[in-house]
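Please look over the sequence and the model first.

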Amino acid sequence: MKILMDLHTHTVASGHAYSSLEANINVAKERGLKYYGLSEHGPKMPGAPHIYYYSNMRIIPREMNGIRVLRGVEANILDYDGTIDMIPESLEYIDYVIASSHPPCMNYGTSQENTDALINAMKHPKVFIIGHPDDDRFPLDYPRLVKAAKEHDVLLEINNSSLNPIGFRKHAKDNIEEILKLCMKENYPVILSSDAHISVDVGNFNYIMPILSKLKFPDELIINYFPEKFLKMIKFIK
Ligand SMILES: [Zn+2]
Ligand SMILES: [Zn+2]
């Protein structure tokens with residue numbers, strides 16, 4: 001099957017990424033994607049855009065270079081109540097929120113605290129994805145997290161950048177395998193993301209694919225193969 005969608009990507013506007021929106025979309029096209037999602041960091045990340053950036057995303061065309069463009073944001077979770085760093089006005093023109101725990105926006109907590117934070121963030125009406133829940137600096141109770149994701153109709157992300165050997169999310173592979181096994185047990189889908197911070201990484205899932213094969217993870221549980229399911233979930237289409 002063919003991956004048709006990558007919804008976690010950054011441009012220069014995120015402050016520590018290196019490509020333009022056009023460059024990202026061109027790579028998405030080369031890699032055969034049909035849907036591209038732009039998801040800059042929320043405003044509390046050092047170097048992130050000013051809040052005006054998010055509401056002005058309404059000017060981004062819905063189709064560029066033959067690719068359908070979705071407007072997202074990777075919001076920062078700020079506390080164990082799951083508060084995110086986006087105000088309703090800034091979310092008006094945004095299709096979906098990825099909620100992520102990042103230093104320095106969030107303190108490292110206990111497994112219970114970190115899991116509470118993610119589950120509480122899932123209750124936000126625009127949070128549809130939990131970003132990289134594989135980061136050992138924020139340990140998690142995975143059985144509880146997967147059950148909650150299913151209950152709240154929120155997807156857990158399998159993040160290709162977390163698996164990059166030069167990355168800083170240690171033991172991401174073990175954590176990702178645990179998430180995948182639990183999702184198989186619960187028969188609940190995941191979303192694959194590149195988390196590209198440079199155009200060449202858009203639509204790149206090279207570290208994820210061997211793990212999916214090894215675990216015999218079923219195609220039906222990979223939402224990137226069925227973009228309409230995601231678009232219905234976020235009420236982008238009926
Ligand atoms: Zn992130
Ligand atoms: Zn990201």
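## The model

This is a predicted model. Its local features are described only where pLDDT is at least 70.

## Helix α6

Helix α6 covers residues 172–186. It has 15 residues. From the first C-alpha to the last it reaches 21 Å, close to the 21 Å expected at 1.5 Å a residue.

Which residues of α6 are buried? They are Ala172, Asn175, Ile176, Ile179, Leu180, Leu182 and Cys183. These residues lie on the same side of α6, because their arc around the axis is only 165 degrees. An α-helix has 3.6 residues a turn, so residues three or four places apart point the same way. On the other side of α6, Asp174 and Lys185 are exposed.

The buried residues of α6 have several packing partners. Two are helices: α5 (142–152) and α7 (208–215). Two are strands: β7 (155–159) and β8 (190–193). After α6 comes Asn187, with a positive phi near 55 degrees.

## The nonpolar core

The largest nonpolar core holds 65 residues. Those with the most contacts inside it are Val97, Ala99, Met122, Ala149, Leu155 and Val190. Helix α6 gives this core its largest share, six residues.

What does Leu155 touch, apart from its neighbours within four places in sequence? Its contacts are Phe128, Ile129, Ala149, Pro189, Val190, Ile191 and Ile223. Two of these, Ala149 and Val190, are also on the list of residues with the most contacts inside the core.

## Glu151 on helix α5

Glu151 sits in helix α5. Is Glu151 buried or exposed? Glu151 counts as exposed, because it has 11 C-beta neighbours inside 10 Å, and the cut-off for exposed is 12 or fewer. Glu151 and Met122 are 29 residues apart along the chain. Their C-alpha atoms are separated by 9.6 Å.

## Strands around β2

Strand β2 spans residues 35–41. It is mostly covered, with six of its seven residues buried. Strand β1 (residues 5–6) runs parallel to β2, and two bridges join them. Met5 has Tyr35 in β2 as its bridge partner. Together with helix α1 (residues 21–30), β1 and β2 make a right-handed β-α-β unit.

Strand β2 also pairs with β4 (residues 67–76). Seven bridges join this parallel pair. Within β4, Arg71 stands opposite Leu38.

Most residues other than glycine have a negative phi, and most peptide bonds are trans. The peptide bond from Pro103 to Pro104 is cis, with omega near 0 degrees. Pro104 lies in the loop between β5 (96–100) and α4 (111–122).

Asp195 has a positive phi near 55 degrees and is not a glycine. It lies in the loop between β8 and α7. Asp195 is buried, because 25 other C-beta atoms lie within 10 Å. The cut-off for buried is 20 or more.

Lys216 is not a glycine either, and its phi is positive, about 55 degrees. Its place is the loop between α7 and α8 (227–233).

Note on methods
Residues are numbered from 1 along each chain as its sequence is written. Chains are lettered from A and ligands numbered from 1 in the order in which they are written. This is a predicted model: local features need pLDDT of at least 70, side-chain atom pairs count only at pLDDT 80 or more; totals for chains, interfaces and linings use all residues. Helices (H or I, at least four residues) and strands (E, at least two) are DSSP runs, numbered from the N terminus. The expected span of a helix is 1.5 Å times one less than its number of residues. The arc is that of the directions from the helix axis to the C-beta atoms. Two residues are in contact if their C-beta atoms, placed from the backbone, lie within 7 Å. A nonpolar core is a set of buried Ala, Val, Leu, Ile, Met, Phe, Trp, Tyr and Cys residues joined through C-beta atoms within 7 Å. Two strands pair if DSSP finds at least two bridges between them. A crossover is right-handed if, with the strands pointing away from the viewer, the path from the first strand over the helix to the second runs clockwise.
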